[in-house]
Amino acid sequence: MKKNLITSILYTVVTTILLGLIYPVLVVGLARIWPNQANGQLITRNGVVVGSRIIAQPFVGPQYFHPRPSAAGTNGYDATNSGGTNWGPTNQKLIDRVKGDVATLQAENPGKPIPVDLITASGSGLDPDITPAAAEFQVPRIAKARAMTEDAVRKVVQEHTQGRQFGFFGEARVNVLELNLVLDSQLPTKNIGQAK
Amino acid sequence: MTLNGWLQILFYFVVIVLVAKPMGVFMTKVFSRERTWLDPVVRPVERVLYKLTRVDEEREMRWTEYSIAMLLFSGVSMLVLYLLERTQQWLPLNPQKFAAIPQDLAFNTAASFTTNTNWQFYTGEQVMSYLTQMAGLAFHNFASAAVGMALAVAFIRGIARREKDTIGNFWVDMTRATLWVLVPISLVAALALVSQGVIQNFKPYDTVKLVEPQQIQKVGQDGKPVVDASGKPVMDTVTEQTVAQGPIASQEAIKELGTNGGGFMNANSAHPFENPTPFSNFIEMVLIFCIPAGLTYTLGRMTGSQKHGWAVFAAMAVLFFAGVTTAYWAESRGNPLLAGVEQHVSPLQPGGNMEGKEVRFGIANSALFATVTTDASCGAVNGMHDSYTPLGGMVPLVNIMLGEIVFGGVGAGMYGILIFVVLSVFIAGLMVGRTPEYLGKKIESYDVKMAMLYVLIFPLMILVLAAASALLPQGLATLNNNGPHGLSEILYAFTSGTGNNGSAFAGLGPNRWYNLAMGFTMLVGRFLMIVPMLAVAGSLAKKKIVPPSPGTFPVTTPLFTVLLVSVIIIVGALTFFPALSLGPILEHLLMHAGKTF
């Protein structure tokens, strides 16, 4: 008993140093092979860091593709407070939120069914992607706001649609931040002349 | 459901089958202290470790000493984690200057990580310093997994040995599990995950300038939205987003490999920094199953009956496919209460119930992950189980209720299913009227009593505490959903805690009652179930081998597989069906009747 107690204490101390300190520090060192990935894929525009490529940001303007609704933090898209709504399928709050979002979206693009990912909050609240269906749904609004043809917008979307990884894993998706930055680089928002 | 979805699921399973044998052979060598190709690097480290910690590697233990060593180590290391949480504000590697964790939450978390549960009543990126994450939480991810593997191997030795008093040395088993299996695989996996975009750094949180500033409602000091004279809400403009960072990849790898499941971030493996791509998701799922699947092969090899190992594997495979098929089907059908929404599969979207799920994983990979993480006692999630459809969410719940014996947790699943094997041969023995035998060992009244103790403690904790919570005001205070879904939240919490899984219907919030009650069930669910299990191992090791006779029930045939699956389902169903019918089953019926809460 006493012998095993002494070993327990020593073992906890020694392995904490080995597994709790040396191991993660070693991985930080080796992760320098991929410095961009290890540091969160930050994107810089005109010398200013404008986001992480894989973390969602809020977009509400008509000239931008909108991400999925977010339950991260009080106001959504809080990248220090990730999480979903955790509302069950019969929760009245879920039904009400969806009803409101559906009404807004239907007004914007009448007669088209609304892709489900566009009106459901993601698990992390930081989902950087939307489905190609959700991007296609928003094309008319963006074309109008930016005075572009729908086909021109569609072309940008297609160029930035990622298929299944290695042609097999996961699902096809479009990165919202990347897409909006490309649109801005082609035609900066401030030059749109407040088209609404 | 799509063809590609099914192919992804099948491909995953094929990979697990292919991994099982090499992992099993390797682990057999490791635990039998035979030479492996890692010896030149690892053996010197092992020797130094024994010297520093005063372990005599040649000395074997009886089951009682083995239990005591395991309990002492768990107790000491749990205390260290508690102290680390309470003092993190004074320690280094805390760039966000997080304060000490409150007492009851620190206890809950220490119990949670020591027992391999990794239930989380906190938001990692808001309260835990990098040091607490690494040296406290990730350390326990290694330690609790190594303890689990040691126990599984001790149990297998109990079956394999004859007329011996001892079942191995706890310290040696744990050390070899760590140095030969957990650390090397974690290192490689962590780097593979970094390549996919899992972050690994010590920098303070980044601040980025939003491309489009966000308008939010201004909140006054009383916590209520501020309104102007005409009653309209006053808006504030937010121009920046703070992005949490940290050494995640190193923790992510062992979190999955050790079937721990505790996320660095609150959203766990749904967070893009923990699980950025479909391929990282695939790696994480393979990590969860590779050791448990390998252990079934180790079982066959160490007991000299490889066919028995595969018979057990087959039973697990049946339960795995039943689970994933149900979850995939239910989630693909979507939520009938969402009007005006396109939930069908099309070339442009996978459709289905996407609330709480990520686009890059879609329905197939979310359903698969939920099944895998609860078949094993992992508990990591890549989507929010609370927002699954009633039947889709029932799959993870039932998986844990059956005892997480489908490949199982690292170690824990192995001895869980072996208890069911003992029960199955006992029942088969009763049916043919002979003393039951298992691989030549007579199963006697002591063994069955201990096995039953193991089987009974589990539902006792879940049902009694869930019932108590449903009656107490404190138990209802922090629910996130009303109606039958609220009961499902409570039921899931105690099932996950007692089963040491750690996944959640995460809407359920913490308070003092849940912190303490959950902490208690996690400790009971781990340690009170391990001791009878080790008692069976010790009792089996002492027995003589009886040569098989025509009356012996063979444990290598499809008939045995069918019997084993039946025993598991009957025990699980009889125990939990009433509770399930009041939770998810009732919610399913009401959802299709158009009822909301």
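User: Let's begin with B:Glu404: is B:Glu404 buried or exposed?

Analyst: Happy to start there, with a word on conventions. This is a predicted model, in which local features need pLDDT of at least 70, side-chain atom pairs count only at pLDDT 80 or more, and totals for chains, interfaces and linings use all residues. Residues are numbered from 1 along each chain as its sequence is written, while chains are lettered from A and ligands numbered from 1 in the order in which they are written. A residue is buried if 20 or more other C-beta atoms, placed from the backbone, lie within 10 Å of its own, exposed if 12 or fewer, and partly exposed in between; B:Glu404 has 27 such neighbours inside 10 Å, so B:Glu404 is buried.

User: Where is B:Glu404 placed in chain B?

Analyst: Helices (H or I, at least four residues) and strands (E, at least two) are DSSP runs, numbered from the N terminus. B:Glu404 is not a glycine, yet has a positive phi of about 50°. Its place is the loop between α12 (390-401) and α13 (412-432) of chain B.

User: And how many C-beta neighbours does B:Asn268 have inside 10 Å?

Analyst: B:Asn268 sits in the loop between α8 (248-257) and α9 of chain B. Phi of B:Asn268 is near 60°, a positive value in a residue other than glycine. B:Asn268 counts as buried because its C-beta neighbours inside 10 Å number 32.

User: How are α7(B) and α9(B) oriented to each other?

Analyst: Axes are lines fitted to C-alpha atoms, for helices over the stretch in contact, with angles from 0 to 180 degrees between N-to-C directions. For helix α7 (residues 170-196) and helix α9 (residues 278-302) of chain B, the axes come within 10 Å and cross at roughly 170°. Angles under 35 degrees count as roughly parallel, over 145 as roughly antiparallel, 65 to 115 as roughly perpendicular and the rest as oblique. The two helices, α7(B) and α9(B), are therefore roughly antiparallel.

User: Which residues of chain B does A:Arg173 touch?

Analyst: A:Arg173 is found in strand β6 of chain A and is buried, with 28 other C-beta atoms within 10 Å. Contact requires C-beta atoms, placed from the backbone, within 7 Å. Not counting residues up to four places away in sequence, A:Arg173 touches residues including A:Asp129 and A:Gln162, and, from chain B, B:Val359 and B:Arg360.

User: Which strand gives the most to the side of chain B that touches chain A?

Analyst: In total, 107 residues of chain B are in contact with 91 residues of chain A. With eight residues, the strand that gives the most to that side of chain B is β1 (residues 206-217).

Methods
Two residues are in contact if their C-beta atoms, placed from the backbone, lie within 7 Å.
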